[in-house]
Amino acid sequence: MSALQSDVRPLTRVRARAARPSLGPAISGGLVVSYLSILVLIPLGAVVTHAFDHGWSGFWAQVHSPFAWDALKLTVGMSLLVAFINLVMGTAIAWLLVRDRLPGRQIIDTLIDLPFALPTIVAGVTLILLFGPTSPIGIDLAYARSGVLIALLFVSLPFVVRTVQPVLLEMDRDMEEAAASLGASQFTIFRRIILPTIVPAMAAGTTLAFARALSEFGSTVLISGNLPGKTQVAAVYIYGKIQEDSVTGAAAVSTVLLVVSLVVLLLLNLIQGWVARRD
Amino acid sequence: MTNNAVTDVRAGASRWTLRVVVLGYLAFLLVLPVAVILYRTFQHGLAPVVDALTSANAIHAYQVTAVVAGSAVAINTVFGVTAALLVVRHRFPGRRVLDALIDLPIAVSPVVVGLALTLVYGRTTSTGSWLAREGIQIIFSIPGMILATSFVALPLVMRAVVPVLEEIGEEQEQAAATLGANAVQRFTRITLPSIRGALAYGVVLSLARALGEFGAVAVVSGRVVGKTETASLYVLDLYNNFDQTGAYAMATSLAAVAVLSLIVSRFLRPKGSAA
């Protein structure tokens with residue numbers, strides 16, 4: 001069988017190239033690049049261009065206008081906090097799902113993805129019912145920054161869990177058992193053996209959660225009340241500027257978000273490269 | 001898995017702490033919100049819910065959502081498979097850049113997506129006014145909503161298909177080629193059957209994302225009630241108009257679709273991958 005395959009492969013390569021000088025990939029490549037340009041690249045380029053309609057000073061004036069700057073500070077600050085909480089809680093959830101033979105963990109495992117599948121505005125309505133003025137548990141976070149935090153925690157919940165979980169599943173338990181038999185404490189085993197293995201996955205998931213929190217719109221609209229300078233996040237600020245037809249203002253803040261997202265994406269790529277090299 | 005008794009006892013306390021913390025967190029963030037919205041939706045019985053979901057505006061919103069999400073998912077499926085084949089099967093300059101660019105929509109805020117499309121295809125722009133002369137309106141109309149939805153769900157099909165394509169390799173197709181199968185036959189008889197599961201998974205994920213899209217569609221649709229309003233936009237509209245029964249009913253119906261797609265995707269999810 002393997003002899004046959006090694007006979008066939010070089011032959012087909014030669015034949016395929018001779019028959020059709022890579023016309024297929026040229027067409028599909030053209031289609032993919034055109035679609036990507038029409039849908040993503042040209043429109044995003046237009047955002048950046050419009051941000052600089054009035055030059056650098058115009059851009060800076062828009063970004064540094066009081067409410068825009070407040071919205072950006074709040075968004076970045078909240079996203080960092082959300083990323084950190086997700087780093088801790090996401091890892092703990094993944095641990096519970098993989099290592100703890102808790103009854104009903106399959107249900108939890110399915111539920112974890114709910115924030116991915118749930119429309120963000122539905123999440124917004126749901127959260128204001130539980131944490132709003134009519135809260136049945138008496139916790140009213142509406143129009144407060146903690147309300148924004150809850151909304152962002154909700155929508156970013158699955159990222160760290162879903163990146164750490166497969167790594168934990170694949171981990172070999174031999175090393176841990178060897179360490180335990182040599183007298184290592186639970187904490188030492190976690191710190192010296194488990195943590196180094198799952199750190200890249202934790203980093204990747206945290207980065208994704210940060211990016212998601214940075215760009216979130218629908219779930220924060222209701223609970224935050226969008227008080228400018230207090231609970232208004234960047235995406236909601238941009239939405240307001242679009243409604244006012246203030247293109248430069250919307251485009252300038254969008255550009256800042258885009259740049260931060262790009263940096264985050266680049267960071268994620270580096271992390272994934274690091275993971276690939278470790279494997 | 002032969003943990004000895006001593007470590008089991010020592011691990012007991014920390015295990016229970018972890019359980020309480022994690023389950024408490026999930027209860028607050030996931031379970032309670034879902035329970036509350038279910039209670040609020042059905043607290044006056046089933047009749048008001050049925051009335052709200054069968055009102056003319058609600059039915060129209062569902063229809064708009066179906067058209068927009070259906071078209072966007074169809075376009076993205078074709079694009080996703082084409083892009084996946086291109087990136088996996090061919091080596092060309094700029095391949096890695098293309099690969100990375102396809103992920104870009106994940107990191108872009110939905111509102112920025114809406115703004116970006118408006119700035120290029122809006123009626124006041126040169127592209128938009130040229131299209132308007134040709135009788136095509138993009139922004140504040142269905143085509144723009146399809147574009148916006150395609151943008152936000154762009155990488156999902158491709159990312160589901162790429163790992164499977166990498167795994168199956170090209171040997172079978174090359175064998176078929178030597179036996180005289182043309183490109184279409186090779187695709188429909190060999191490639192498609194082997195990526196079917198992953199493709200279905202990607203389509204379900206895209207559909208869930210497309211059905212729920214809010215921010216991008218809110219910007220490009222103009223939110224014209226009874227015309228360009230999708231189900232998720234209609235939820236906010238009802239809420240802002242103090243029609244809470246209607247808002248909760250619509251939200252619950254969308255959540256039901258989300259849960260259904262979750263369950264379906266769980267069966268379709270390729271073995272060994274958790275994401």
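**A:Y143**

I started in the loop of chain A between α7 (120-131) and α8 (145-156), where A:Y143 lies. This is a predicted model, so I read only local features with pLDDT of at least 70. I checked the backbone of A:Y143 and found a positive phi of about 60°, although the residue is not a glycine. Burial would need 20 or more.

**B:F242**

I then looked up a residue in chain B. B:F242 sits in the loop between α12 (231-240) and α13 (244-268) of chain B. Its phi is near 60°, again a positive value in a residue other than glycine. I found 8 other C-beta atoms within 10 Å of B:F242, so this residue is exposed. The cut-off for that class is 12 or fewer.

**Helix α5 of chain B**

I moved to α5, residues 110-121 of chain B. The helix has twelve residues. From first C-alpha to last I get 16 Å, close to the 16 Å expected at 1.5 Å a residue. How many residues of α5(B) are buried? I find twelve of the twelve, so the helix is largely enclosed by the rest of the structure. Among them are B:P110, B:G114, B:T118 and B:Y121. The valines B:V111, B:V112, B:V113 and B:V120 are buried too.

**Chain A overall**

I counted 14 helices and zero strands in chain A. The radius of gyration is 24 Å, well over the 19 Å that the globule rule gives for 279 residues, so chain A is more spread out than a compact globule. Along the principal axes its C-alpha trace spans about 70 × 60 × 30 Å. I noted that buried residues make up 45% of the 279 residues in chain A. For contacts in chain A between residues at least 6 apart in sequence, 78% join residues at least 24 apart.

**Chain B overall**

I get a radius of gyration of 23 Å against 19 Å from the globule rule for 275 residues; that is well over, so chain B is more spread out than a compact globule. Its C-alpha atoms fill a box of roughly 80 × 65 × 30 Å along the principal axes. Of the 275 residues, 44% count as buried. Among contacts in chain B with a separation of 6 or more, residues 24 or more positions apart account for 75%.

**Where the chains touch**

**Confidence**

I left the scores for last. The model has ipTM 0.88 and pTM 0.88. For chain A the average pLDDT is 87, and 91% of the residues score at least 70. Which stretch of chain A falls below 50? I find residues 1-21 there, with eleven contacts in the model beyond near neighbours in sequence. For chain B the mean pLDDT is 88, and 94% of its residues reach 70 or more.

Technical notes
Residues are numbered from 1 along each chain as its sequence is written. Chains are lettered from A and ligands numbered from 1 in the order in which they are written. This is a predicted model: local features need pLDDT of at least 70, side-chain atom pairs count only at pLDDT 80 or more; totals for chains, interfaces and linings use all residues. pLDDT is the predictor's confidence in each residue, from 0 to 100. Helices (H or I, at least four residues) and strands (E, at least two) are DSSP runs, numbered from the N terminus. The expected span of a helix is 1.5 Å times one less than its number of residues. Two residues are in contact if their C-beta atoms, placed from the backbone, lie within 7 Å. The radius of gyration is taken over C-alpha atoms; the globule rule is 2.2 Å times the number of residues to the power 0.38.
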